[in-house]
Amino acid sequence: MGESEQQVPESGAIFTFGKSKFAENVPSKFWFKNDKPLYISCGDEHTSVVTENGKLYMFGSNNWGQLGLGTKNTVRKPTCVKVLKPEKVKLVACGRNHTLIYTGM
């Protein structure tokens, strides 16, 4: 992932606006090194990104463990869900306090 002051790579960037756990009312952007985002889903206070390589990244509020990271800590930067590394994530849907993930080959 790059910092917001760097030039956006050819693979594109994800922009965030508004009040969130990621940035407080400050427009920001991020991208993935050697990967491209395919799908984005937003819950009440958390967000998921599925990449072209089938990886799942999560960030935001985690009061109910909805980020799948093994803790209930708020996560401010997109973080790869390590428990799903052996899987190829195809789709994800974020609810208010939960996340559904579909994997495949």
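Because the model is predicted, local features were required to have pLDDT of at least 70 and side-chain atom pairs pLDDT 80 or more, whereas totals for chains, interfaces and linings use all residues. Residues are numbered from 1 along each chain as its sequence is written, and side-chain values use heavy atoms, with hydrogens and water left out.

The protein chain contains 0 helices and 8 strands; helices (H or I, at least four residues) and strands (E, at least two) are DSSP runs, numbered from the N terminus. Along the sequence the pattern is β-β-β-β-β-β-β-β. Of the 105 residues, 35% are buried, where buried means under 20% relative accessible area, exposed over 50% and partly exposed in between (1.4 Å probe, protein chains only). Among contacts (heavy atoms within 4.5 Å) between residues at least 6 apart in sequence, 35% join residues at least 24 apart.

An open sheet of 4 strands runs in the order β3-β4-β5-β6 with antiparallel pairing; two strands pair if DSSP finds at least two bridges between them. The edge strands, β3 (37–42) and β6 (75–80), each pair on one side only. Neighbouring strands of this sheet are turned by 15° against each other on average, direction ignored; axes are lines fitted to C-alpha atoms, and angles run from 0 to 180 degrees between N-to-C directions. β3 pairs with β4 (residues 46–51) over 5 bridges, and C42 has T47 of β4 as its bridge partner. β4 and β5 also pair over 5 bridges, with V50 bridged to L56 of β5. These two strands form a hairpin with 4 residues between them, and G54 in the turn has a positive phi of about 80°. β5 and β6 pair over 3 bridges, and T79 of β6 is the bridge partner of M58.

β5 is largely enclosed by the rest of the structure, because 5 of its 5 residues are buried. In a regular strand the side chains alternate between the two faces of the sheet. In β5, L56, M58 and G60 point one way, while Y57 and F59 point the other way.

The largest nonpolar core comprises 16 residues, of which F30, F32, V49 and L56 touch the most other members. Such a core is a set of buried Ala, Val, Leu, Ile, Met, Phe, Trp, Tyr and Cys residues joined through side-chain atoms within 4.5 Å. Two or more residues each come from β4, β5, β6 and β7 (88–94), with β5 giving the most, 4 residues. Leaving aside neighbours within four places in sequence, the contacts of L56 include V49, V50, T79, V89 and I101.

N62 lies in the loop between β5 (56–60) and β6 and is buried, with a relative accessible area of 0%. The N62 side chain reaches the backbone nitrogen of L67 at 2.9 Å and the backbone oxygen of N73 at 3.4 Å. Not counting residues up to four places away in sequence, N62 touches L67, T71, K72, N73 and T74.

Note on methods:
A polar contact is a pair of N or O atoms within 3.5 Å; within protein, one must be able to donate a hydrogen and the other to accept it, and residues adjacent in sequence count only if both atoms are side-chain atoms.
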